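Hello,

Here is the structure for you to look over. My notes follow below it.

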Amino acid sequence: MRKALLLIMIVLFGMATAHAEEYTYLTIVEQDGTKTSMTAVGLSLSFNSESLTVSNAYTGESKVIALNSLVSMNFSNADETTGIETMDNGQWIMDNDVYDLQGQQVPKGRRLVKGIYIIRKGNENRKLLVR
Amino acid sequence: MKKRKLTLLSAIAMAFTMMAQTITVTQADGTVTQINASDAGNMIWTETDGTLNIGGQAYKVAQLDVDTENANIATGSVAGTTDAAKRLYRYFRNNYGKRIISSVMADVAWNHSLAEKIKKNITGKWPAMNCYDFIHICVPDGNGWIDYSDITPVTEWVDKGGIVQLMWHFNVPLSETTTIETNGSGVTCSPDKTTFKASNALVDGTWENRYFYAQMDRVIAVILKLQEAGIAATWRPFHEAAGNATAKQQANWTKAWFWWGYDGAETYKKLWITMFDYFKQKGVNNLIWIWTTQNYNGNSANYNQDTDWYPGDAYCDMIARDLYGYNAAQNAQEFSEIQAAYPNKMVVLGECGWDSSNKTGKPQGDIVECWNAGAKWGHFMVWYDGNAGNKSNTMVSDAWWTSAMKKENTGIVINRGLVKY
């Protein structure tokens, strides 16, 4: 009886793991090796003749990539973003446009608390990890 | 040992409820394909021919969307084709089964004053959605107390990030010769107080038919104004249609309590579809349609389900149930039954509150307890009560709101500050 129960549980577990894979990120790889991981659920990618616009309305993340620099994309559960900037909490933001992951702009001059932010410079976004 | 078995079984159950993601690929020629994210592999871009290889297949991609799988739930709205409606439907769908959207009724009709009470008097948080009612749309213009053509009560809610729900207690005159007064008197929704016949509303040349279309035109004018302002809404007309008609023991009182259900299921479905088609014909494309199933407060022991009253998958996006005085286990049972009956639709708690016959009696179960018991409603909506004697003037206690909106529950309950779509 116990063996039968165990067998059922193994089958159920196999089915569950076979069907349920929830990825946290979609990572975009560019020709120069840059990787950008963006929150997967809610992501929209629009292609036109020259560029790819990636945005997530739920988190406020967005990025525009020239198609001739696009290499590939993959789902992952790790943030593979390269060139992520880090700083210690409590510092002030003076010059850049900084947004939280809800898309709310952090007013200039405000101290940043721990978390991940997006720095926008023109069409370029970079992640900022505040430790 | 028993505990360990239970833990393992819970882990398996959780694994089953984990949701994978789906990629919706729209190609340049309009072809739409859905692919499981887990099957996508490394998606390689080929610049020379402008294709993206997904799971071994090359696509000329125009648009690619990543969403929670929710395998059974329709990926698109039946009539919500504006950008705002698509985004709103997608937001509901992506949260479905993960978190519940909080909401509250207006103080009767065209305001968000109860939401404000909940925020300012109790919780410090706004409910995510506010429900407005066209119950007074029939009152002649220039009445001095309500003006639906002024959409400020809605735009100011949306401007702060809130979601909009619209519903309609569709009032009709007491008779063909009744004059609707500027104070709103002379109308009713109750079939026993009017000579208005639902079946006649579908017959050209009748006064009921003229009134039916004239009132729809008044509502459409407001909704189009919202649409032009870029606002989408969930839309819950003709609710609780079956009333008591599905009672297992039939008696002289086992009838519909709203006129739109009084002439039976067939007439009711025609009314729904007529409204649906007319709204589309008039260019209304910003609504997520919600049909409210009714078996009298979820009492399945004494009432049959009203599946015969369902207008059909092509005419609604969500299924609501109105429950009063139901605890967590009962909420879970109702949710499960409805989801099983309508597996490809999102199921929502259309109205809730304490048992209206005795407000100190059975309360609505704590919403997080309901959720944890298995009632994964897409949203809840608490009804108003001006005589409630509490700080919110709604049909739940202040403690209920405090629990629902507290910080620890933001992983389950979405408040307005968390809404983003």
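Helices (H or I, at least four residues) and strands (E, at least two) are DSSP runs, numbered from the N terminus.

This is a predicted model, in which local features need pLDDT of at least 70 and side-chain atom pairs count only at pLDDT 80 or more, while totals for chains, interfaces and linings use all residues. Residues are numbered from 1 along each chain as its sequence is written, and chains are lettered from A and ligands numbered from 1 in the order in which they are written.

Helix α2(B) covers residues 83-95 and spans 18 Å from first C-alpha to last, close to the expected 18 Å (1.5 Å times one less than its number of residues). Ten of its 13 residues are buried, among them B:L88, B:Y89, B:F92 and B:R93. B:G97 follows the helix, with a positive phi near 85°.

In α3(B) (113-123), the buried residues are B:L114, B:A115, B:K117, B:I118, B:K119, B:I122 and B:T123. They pack against β8 (103-105), β9 (129-133) and α10 (398-405) of chain B. After α3(B) comes B:G124, whose phi is also positive, near 80°.

Regards

Conventions: A residue is buried if 20 or more other C-beta atoms lie within 10 Å of its own, exposed if 12 or fewer, and partly exposed in between; C-beta atoms are placed from the backbone. Two residues are in contact if their C-beta atoms, placed from the backbone, lie within 7 Å.
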